[in-house]
Amino acid sequence: MKVLANDGISKSGILALEKGGFEVITTKVAQEQVANYVNANNISVVLVRSATKVRKDIIDACPGLKIIGRGGVGMDNIDVDYARSKGIHVINTPASSSESVAELVFAHLFTGVRFLHDANRNMPLEGDTNFDGLKKAYANGIELRGKTLGIIGFGRIGQAVAKMALGLGMKVIAADKFVDKAEVKVDFYNGQFINVEFETEPLEDVIKHSDFITLHVPAQDGYVIGKEEFELMKDGVGIVNCARGGVIDEVALVEALDNDKVLFAGLDVFENEPTPEIQILMHTKISLTPHIGAATLEAQDRIGTELAEQIISLLKAEKV
């Protein structure tokens with residue numbers, strides 16, 4: 001059987017699939033040509049990340065398709081229910097990228113509280129002529145330790161963020177429509193660990209009481225954070241979104257940054273991808289990354305291996 005990994009797959013994933021008897025194709029096929037390519041090459045499995053979309057048109061056009069796999073958590077680029085109604089397995093890798101995304105959240109948090117995003121823009125331009133001026137401009141950093149981190153969405157990634165926050169000595173509060181309680185295990189390098197129990201709180205309370213807010217929710221209709229939510233926040237709050245574009249109202253965010261309600265924002269995802277608004281890209285109070293939350297070598301290895309294991313297991317079960 002043939003597997004098309006249209007948005008790429010790690011070497012470990014390729015090796016695992018080949019060991020399982022699959023031919024892996026990593027040719028990048030344009031979105032409009034995916035259906036034709038799948039049919040012309042007798043492909044049984046299509047693997048995507050966030051770039052390729054597998055909608056009803058492709059599903060209807062490819063009767064030989066047996067599995068659609070998403071390397072990552074969210075599956076908003078796949079018509080999941082429709083695919084399953086046609087007897088196609090739809091799989092993802094919800095646990096593989098949690099640590100990588102959580103670390104990026106803290107990269108943005110550390111960047112924001114110490115103005116690294118702006119310093120890294122201005123030091124090459126003015127570091128040799130205005131060193132003392134820049135030193136003064138970035139002299140009012142703040143520590144994360146002892147501050148309250150509000151986590152909106154307390155699934156695997158939200159809990160991975162909580163572990164890191166606890167390690168830094170932060171207070172953690174969380175909101176989630178579907179999770180009432182969670183026990184988070186914080187592991188240390190020497191085999192020791194602690195378990196911390198959380199009870200989630202109403203969203204409004206988390207928004208009101210947090211010094212920093214990070215979102216870990218799926219794509220959805222409407223904003224989770226809009227103008228009204230910004231007004232409820234503490235003055236000088238920091239906000240990070242490494243979840244999905246469109247869960248924060250970017251117009252309201254820029255307004256909140258401009259009036260100093262929000263100290264800084266860290267954005268890995270955007271309402272308009274792959275062409276974010278210029279007001280977002282040029283804003284001096286926003287730390288920016290191009291949707292790379294899961295883009296670590298370790299996460300990609302885990303994703304590739306987990307996808308391979310699921311594919312082999314599913315297709316072997318069908319033969320039994």
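These legends describe close-up views of a predicted model.

The model is predicted, so local features need pLDDT of at least 70 and side-chain atom pairs count only at pLDDT 80 or more, while totals for chains, interfaces and linings use all residues. Residues are numbered from 1 along each chain as its sequence is written, and side-chain values use heavy atoms, with hydrogens and water left out.

**View 1. A five-stranded open sheet.** The strand order is β2-β1-β3-β4-β5, and the pairing is parallel. Strands are DSSP runs of E with at least two residues, and helices are runs of H or I with at least four, numbered from the N terminus. Two strands pair if DSSP finds at least two bridges between them. The edge strands are β2 (23-25) and β5 (89-92), each pairing on one side only. From one strand to the next, the twist averages 20°. Axes here are lines fitted to C-alpha atoms, for helices over the stretch in contact, and angles run from 0 to 180 degrees between N-to-C directions.

**View 2. The β1-β2 pair.** Strand β1 (residues 2-5) runs parallel to β2, and three bridges join them. Lys2 has Glu23 in β2 as its bridge partner.

**View 3. A six-stranded open sheet.** Its order is β7-β6-β10-β11-β12-β13, with parallel pairing. Why is one side of β7 and of β13 left without a neighbour in the sheet? β7 (171-175) and β13 (286-288) stand at the edges, and each has a single partner strand. Neighbouring strands are turned by 15° against each other on average, direction ignored.

View 4. Four bridges join β10 (residues 212-215) to β11 (residues 237-241), and the two run parallel. Leu215 stands opposite Asn241 in β11. Helix α8 (residues 156-167) packs on the sheet and touches β6 (148-152), β7 and β10. Contact means heavy atoms within 4.5 Å. The direction of α8 makes about 170° with that of β6. Helix α11 (residues 250-258) also packs on the sheet, touching β11, β12 (262-267) and β13. Its direction makes about 140° with that of β12.

**View 5. Ser100 in helix α5.** Ser100 is found in helix α5 (residues 98-113). Ser100 counts as buried because its relative accessibility is 8%. Buried means under 20% relative accessible area, exposed over 50%, and partly exposed in between (1.4 Å probe, protein chains only). Not counting residues up to four places away in sequence, Ser100 touches Gly293, Ala294, Thr296, Ala299 and Arg302.
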